[in-house]
Amino acid sequence: MLVKRAALADLDAVAPLFDAYRQFYGQRSDLAAARAFLAERLRREESVIFLAVDDEAPGNEALGFTQLYPSFSSVSVRRLWILNDLFVRSGGRRGGVGRRLLERAREWAIETDAKGLMLATAVSNAAARALYESCGWRRDEEFVHYVLLV
């Protein structure tokens, strides 16, 4: 398995995974919107996407991706990364793809001298929570997080 930083040239591989990820969270399939959204993030350098591919399969079959958004900590005056999206297609699950993508995100945080990474997941997503915790992530017991949707 190869994990690489995705570029505009990788949109055809990443967009179907992103579309499937959105469907997992209850959205209807819209491959064109998924592709356009990712293209805009990449063009504007507003996110970092890592793509896992099966480098032994014909055409380097896409297995999964993670998307990181930059943020900052005012208190520590350092960068933070928000691990906003992590998805592994059904055929690639339980094969270490998600774990490797999380490792690459951690490496990226170190490479960019970030304070760390943050993520949120559904309370009901026990499989994802178990993966995160097995990779050293811990639940935030210090802060309560709020949202205001507009």
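The following legends describe close-up views of a predicted model.

**View 1. Helix α3 and its length.** Helix α3 comprises the 15 residues 97–111. Just after α3, D113 adopts a positive phi of about 55°.

**View 2. The buried and exposed sides of helix α3.** The buried residues of this helix are V97, G98, L101, L102, R104, A105, W108 and A109. Because they cover an arc of only 160° around the axis, they lie on the same side of α3. Exposed residues R106 and I110 are carried by the face turned away from this buried side. The cover over the buried residues includes the strands β1 (2–5), β2 (48–54), β3 (61–73), β4 (78–88) and β5 (116–118), together with helix α4 (126–134).

View 3. R100 is found in helix α3 and is partly exposed, with a relative accessible area of 25%. Not counting residues up to four places away in sequence, R100 touches M1, V3 and E107. The C-alpha atom of R100 lies 8.2 Å from that of A52, although the two residues are 48 residues apart in sequence. R106, which also lies in helix α3, has a relative accessible area of 53% and counts as exposed because this value is over 50%. R106 and L80 are 26 residues apart in sequence, and their C-alpha atoms are 11 Å apart in space.

**View 4. The largest nonpolar core.** This core has 21 residues, of which F50, L68, W81, L83, L101 and L117 touch the most other members. At least two residues of the core come from each of β2, β3, β4, α3 and α4. Helix α3 supplies the largest share, 6 residues. A second, separate core contains 16 residues, including F18, A39, L51 and F65. In soluble globular proteins, nonpolar side chains tend to be buried together.

**View 5. The surroundings of L117.** L117 is one of the residues that touch the most other members of the largest nonpolar core. With neighbours within four places in sequence left aside, L117 is in contact with L68, W81, A105, R106, A109 and W137. Among these partners, L68 and W81 are likewise named with L117 as core residues that touch the most other members. A105 and A109 are buried residues of α3, whereas R106 is an exposed residue on the face turned away from the buried side of that helix.

**View 6. V48 in strand β2.** V48 has its place in strand β2. Its relative accessible area is 3%, and V48 is therefore buried, the limit being under 20%. When residues up to four places away in sequence are not counted, V48 touches R5, T66, Q67, L68, W81 and W108. W108 belongs to the buried residues of α3. The C-alpha atoms of V48 and F72 are separated by 15 Å, the two residues being 24 residues apart along the chain.

**View 7. The second largest pocket.** This pocket has a volume of about 160 Å³. Its lining is formed by F18, Y21, R22, Y25, Q27, F37, Y69, N84 and D85. Helix α1 (11–24) and strand β4 each supply at least two residues of the lining. The greatest contribution is that of α1, with 3 residues.

**View 8. Loop residues with positive phi.** Most residues other than glycine have a negative phi. E45, a residue other than glycine, has a positive phi near 55°. Its place is in the loop between α2 (31–43) and β2, and at 68% relative accessibility E45 counts as exposed. R94 is likewise not a glycine, yet its phi is positive, at about 65°. R94 lies in the loop between β4 and α3 and counts as exposed, with 86% relative accessibility.

Definitions and conventions:
Residues numbered from 1 in each chain as written. Predicted model: local features only at pLDDT ≥ 70, side-chain atom pairs only at ≥ 80, totals over all residues. Heavy atoms only, no water. Helix = DSSP H or I, 4+ residues; strand = E, 2+ residues; numbered from the N terminus. Expected span 1.5 Å × (residues − 1). Buried < 20%, exposed > 50% of the residue type's maximum accessible area, 1.4 Å probe, protein only. Arc of directions from axis to C-beta. Contact = heavy atoms within 4.5 Å. Core = buried A, V, L, I, M, F, W, Y, C linked by side-chain atoms within 4.5 Å. 1 Å grid on protein atoms, 1.4 Å probe; cavity = no way out; pocket = protein on both sides within 12 Å on 5 of 7 lines; lining within 4 Å. Points joined across faces, edges and corners; volume = space filled by probe spheres on them.
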